[in-house]
Amino acid sequence: MQREDIRNGLIVSCQPVPAGPMDKAEFVTGFAKAALDAGARALRIESVAYVGAVRSAVAAPIIGIVKRDLSDSPVRITPYVSDAEALADAGADVVAFDATDRMRPAGVEDLVRAVKAKGKLAMADCSSLKDAERALAAGADFVGTTLSGYVGGPEPVDPDIDLIAAMRKLTPYVIAEGRIRSPEQAAAAVRAGAYAVVVGSAITRTEHVTSWFHEALAKAYGKAEERAAETVLAIDIGGTKTMAALVKGGAIIDEILVPTARAAGPDSWLAAIADKTGHWRDRYVRVGFAVTGLVQDGRWSALNPATLGIPDDYPLAERATRLFGKPAIAMNDAQAAAWGESKFGAGSGGNLVFLTISTGIGGGIVIDGRPLSGLAGHFGLIRGPSQGRSPLEDETSGRWIAAEALKAGHEANAAEVFEKARQGEPWARAIVSQSTLRAATLCRDIQLMLDPDQIVIGGGIELAAGYIDEMRDHLKDIAPRLAPHLLAAKLGSRAGIIGVADLAGEGG
Ligand SMILES: CC(=O)N[C@H](C=O)[C@@H](O)[C@H](O)[C@H](O)COP(=O)(O)O
């Protein structure tokens, strides 16, 4: 064969776990054929006997090796010249051997010479760039990263992509090999300059692959069980009231409501909650805060000081951890609610946007099974191009509805305006219709920005009969493929509490 025969190819190493149930010629040949059927270009086979067996079954290029555990040398892969010759005779097209700088029975030059004398190509299994330099000087046709991570020290988990890139500066004939366990890692090896890529364990060592999955499952099930059994103290600090609840497995088992002493500030809010929940102290293991405003890395700031005056960058998670004596996390309430609805409420899988229309407007975004944090979802703050006012916070929310009613000469809160609209009062219908139109327009825009699978509407307003229906009505002329899929929230005012309790359990 020519070197070009394996260019840009996948080489599957068919080396069963020694003495395992798959360590038989028929299985090695079966793996080899299956790999070639699925697009592999070449094979890497261990032992003279298996090279012979596979050679008689397939025509594809074979890289042959012999593995030996020697008492006087750490070199395992094709240590002897006689091994190299026997592999060539059995039908290997390439003979690979250990090319590390360690105590060895045969020199790299001798091995290269023997392989070439048989008219075959020589592959040097290297552990470092220095190994590759020496092997190339000795006439090796290919250098492989095979032994990187196997000449002492703990065995790494990831492939040595840097070594591939470094070797590529010496020669184009770099074979990437060792711990390539996913198609993504194989592609990374290609990007680093690999001439061909060897994958072994991830395809042909059933025991290894099974144990990777088994361990991951055991860990995930263990964690899920642990979390479902844990009780979390979840606290939602809002502009007017604070709710504290004990939450277990997505369900509230106890709750209390206290007014938020707005003027007193966060230290005193926390102290009040700690005081009111003191009798629960032994019942929870973690604490989660869902709060109005902006939370970044556990630090809390006001986005709309009219809702609640929070000092800039207040270290909420840290203070709470100290005060409650349990690990605490903090998140924006609507972002936490988005997670709650996604996992335990209206969500039906896929990406979800949660929009809460209440006194103000907030939101949260769940993408790829994770809630976004920071500024993401603060829809209430969106501005139109030429407006100083927000079309949402200022002209859609409950606060705006009540203000509009007053302008029209009616002193009424949002709930009363809805009731009047339901009774057919034209002034009330006009206000509600404007609010639903703006909310519907926001959902249409969100659809174009994020293309979520569903937009869940929550907050006080959604409780008003017909609000979501009216939003849908405003959207009815949109082509179906552009239209947002609107759903009513299911967890009500507890979505944030349930969401943050679940996230608090993820902490470790
Ligand atoms: C270090 C050593 O002895 N490597 C051996 C070389 O042939 C094999 O045990 C590996 O399976 C082969 O290199 C492929 O690597 P992976 O199985 O990680 O895809």
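Buried residues make up 46% of the 508 residues in the protein; a residue is buried if 20 or more other C-beta atoms lie within 10 Å of its own, exposed if 12 or fewer, and partly exposed in between, with C-beta atoms placed from the backbone. The model is a predicted one, in which local features need pLDDT of at least 70 and side-chain atom pairs count only at pLDDT 80 or more, while totals for chains, interfaces and linings use all residues. Residues are numbered from 1 along each chain as its sequence is written.

The protein contains 17 helices and 20 strands. Helices (H or I, at least four residues) and strands (E, at least two) are DSSP runs, numbered from the N terminus. Among the contacts with a separation of 6 or more, 61% are between residues 24 or more positions apart; two residues are in contact if their C-beta atoms, placed from the backbone, lie within 7 Å.

In soluble globular proteins, nonpolar side chains tend to be buried together. A nonpolar core is here a set of buried Ala, Val, Leu, Ile, Met, Phe, Trp, Tyr and Cys residues joined through C-beta atoms within 7 Å. The largest such core has 70 residues, and Ala234, Phe289, Ala330, Cys443, Ile497 and Val500 have the most contacts inside it. Helix H17 (residues 495-505) gives the most to this core, contributing seven residues. At least three residues of this core come from each of domain 2 (230-335 + 498-505) and domain 3 (348-489), the bounds being taken from an automatic or database domain assignment. Leaving aside neighbours within four places in sequence, alanine 330 is in contact with Phe289, Val291, Val295, Gly298, Trp300, Leu316 and Ala317. Apart from this core lies another, of 66 residues, including Val94, Met167, Ile180 and Ala192.

Strand E16 (residues 352-357) is mostly covered, with six of its six residues buried. On one side Leu352, Phe354 and Thr356 are buried, and on the other Val353, Leu355 and Ile357 are buried. Two strands pair if DSSP finds at least two bridges between them. Strand E16 is joined by six bridges to strand E17 (residues 361-367), and the two run antiparallel. They form a hairpin with three residues between them. Five bridges join E16 to strand E19 (residues 454-458), and this pair runs parallel. Leucine 355 stands opposite glycine 363 in E17 and opposite isoleucine 457 in E19.

The ligand has 16 residues around it, of which Ser13, Tyr150, Arg179, Gly200 and Ser201 come nearest; a residue is near a molecule if its C-beta atom, placed from the backbone, lies within 6 Å of it. Strand E8 (196-199) and helix H8 (201-204) each supply at least two residues of this shell.

Some individual residues complete the picture. Most residues other than glycine have a negative phi. Serine 47, by contrast, has a positive phi near 95°; it is found in the loop between strand E2 (42-46) and helix H2 (48-55). Serine 47 is buried because 21 other C-beta atoms lie within 10 Å. Threonine 78 also has a positive phi, of about 45°, and is found in the loop between strand E3 (62-65) and helix H3 (81-90). With 28 other C-beta atoms within 10 Å, threonine 78 is therefore buried. Arginine 227 lies in helix H9 (residues 206-229) and counts as partly exposed because it has 19 C-beta neighbours inside 10 Å.
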